[in-house]
Amino acid sequence: MPESPAVPHPATPRPARLGAAAALAALEGLALVAVGLYMLVMGLFGSPDRPEQAEMGGLTLIALAVLPLLAANGLRLRRSWSRGPAMITQLMALPVAYTLMTTDGAWAIPAGIALGVVAVASLVLLLNPAAVDALGIKRGPRGT
């Protein structure tokens with residue numbers, strides 16, 4: 001008996017919802033890298049109040065960017081494992097978005113709103129039945 005493929009119908013085109021979820025996850029990962037690099041450079045060459053904190057924060061954000069970037073690549077390739085890390089990333093982004101929206105600062109509120117919209121949109125896309133089917137994930141108690 002031949003093995004069943006990891007993704008049913010790999011010859012069919014990737015659903016637009018899955019491609020959009022992959023793009024949003026990649027966007028979040030790239031944003032984390034950009035902010036992390038900014039913090040790292042400012043910690044090394046700028047004049048922050050606490051250079052060590054800026055440097056460590058930058059390195060932390062760059063390390064955190066690995067999860068959404070791996071998830072985005074997995075979603076692009078239609079790997080079923082990628083949905084979990086993508087959803088975890090979005091769930092972690094929601095409290096960050098809320099914190100940004102309740103913080104004083106000219107850039108914080110718009111950034112929080114944008115992050116919240118991206119996180120909710122990504123969750124909706126990842127929970128969509130077409131995306132779930134494209135990833136080969138069984139739904140329901142009997143896999144229907």
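Mentor: We may begin with a definition: a nonpolar patch is made of residues with over 30% relative accessible area and no salt bridge, their nonpolar side chains being joined within 5 Å. Please keep in mind that the model is predicted.

Trainee: Which residues make the nonpolar surface patch, and what is its area?

Mentor: Tyr 38, Val 41, Met 42, Leu 44 and Phe 45 make a nonpolar surface patch of about 560 Å². One of them, Phe 45, belongs to helix H1, which covers residues 16-45.

Trainee: Why is Phe 45 called exposed?

Mentor: The relative accessible area of Phe 45 is 70%. The word exposed applies over 50%, and therefore Phe 45 is exposed.

Trainee: What is the pattern of the protein chain as read along the sequence?

Mentor: The pattern is α-α-α-α-α-α. The protein chain has six helices and zero strands. Along the principal axes, its C-alpha atoms fill a box of roughly 65 × 30 × 25 Å.

Trainee: What share of the residues counts as buried?

Mentor: Of the 144 residues in the protein chain, 33% count as buried. The accessible surface of the chain comes to about 9000 Å², and carbon and sulfur atoms account for 70% of that surface.

Trainee: How do you know that Gln 90 is buried?

Mentor: Buried means under 20% relative accessible area. Gln 90 has 1% relative accessibility, so Gln 90 counts as buried. This residue is placed in helix H4.

Trainee: Which residues does Gln 90 touch, leaving aside those up to four places away in sequence?

Mentor: Gln 90 touches Glu 28, Val 118, Ala 119, Ser 122, Leu 123 and Leu 126. Here a contact means heavy atoms within 4.5 Å. As for Pro 110, Gln 90 is 20 residues from it in sequence and 18 Å from it in space, C-alpha to C-alpha.

Trainee: What makes the phi of Arg 78 worth a remark?

Mentor: Phi of Arg 78 is near 65 degrees, which is a positive value in a residue other than glycine. Arg 78 sits in the loop between helix H3 (66-76) and helix H4 (83-101).

Trainee: Is Arg 78 buried or exposed?

Mentor: Arg 78 has 8% relative accessibility. The limit for buried is under 20%, so Arg 78 counts as buried.

Trainee: Why is Asn 73 called partly exposed?

Mentor: Partly exposed lies between the buried limit of 20% and the exposed limit of 50%. Asn 73 has a relative accessible area of 35%, and therefore Asn 73 is partly exposed. Asn 73 lies in helix H3. From Ala 134, Asn 73 is 61 residues away in sequence and 15 Å away in space, C-alpha to C-alpha.

Trainee: What is the relative accessible area of Pro 51, and what follows from it?

Mentor: The value for Pro 51 is 27%, so Pro 51 is partly exposed. Pro 51 is placed in helix H2, residues 51-64. Pro 51 and Ala 71 are separated by 20 residues in sequence and by 31 Å in space, C-alpha to C-alpha.

Trainee: How far apart are the mean positions of the positive and negative charges?

Mentor: For the 10 positive and 7 negative charges of the protein chain, the mean positions are 21 Å apart.

Conventions. Residues numbered from 1 in each chain as written. Predicted model: local features only at pLDDT ≥ 70, side-chain atom pairs only at ≥ 80, totals over all residues. Heavy atoms only, no water. Patch = residues over 30% accessible without salt bridge, like charges linked within 9 Å, V, L, I, M, F, W, Y side chains within 5 Å. Areas by Shrake-Rupley, 256 points an atom, 1.4 Å probe, with all protein chains shown as cover. Salt bridge = Lys/Arg side-chain N within 4 Å of Asp/Glu carboxyl O. Helix = DSSP H or I, 4+ residues; strand = E, 2+ residues; numbered from the N terminus. Buried < 20%, exposed > 50% of the residue type's maximum accessible area, 1.4 Å probe, protein only. Lys, Arg positive; Asp, Glu negative; His and termini not counted. Charge placed at Lys NZ, Arg CZ, Asp CG, Glu CD.
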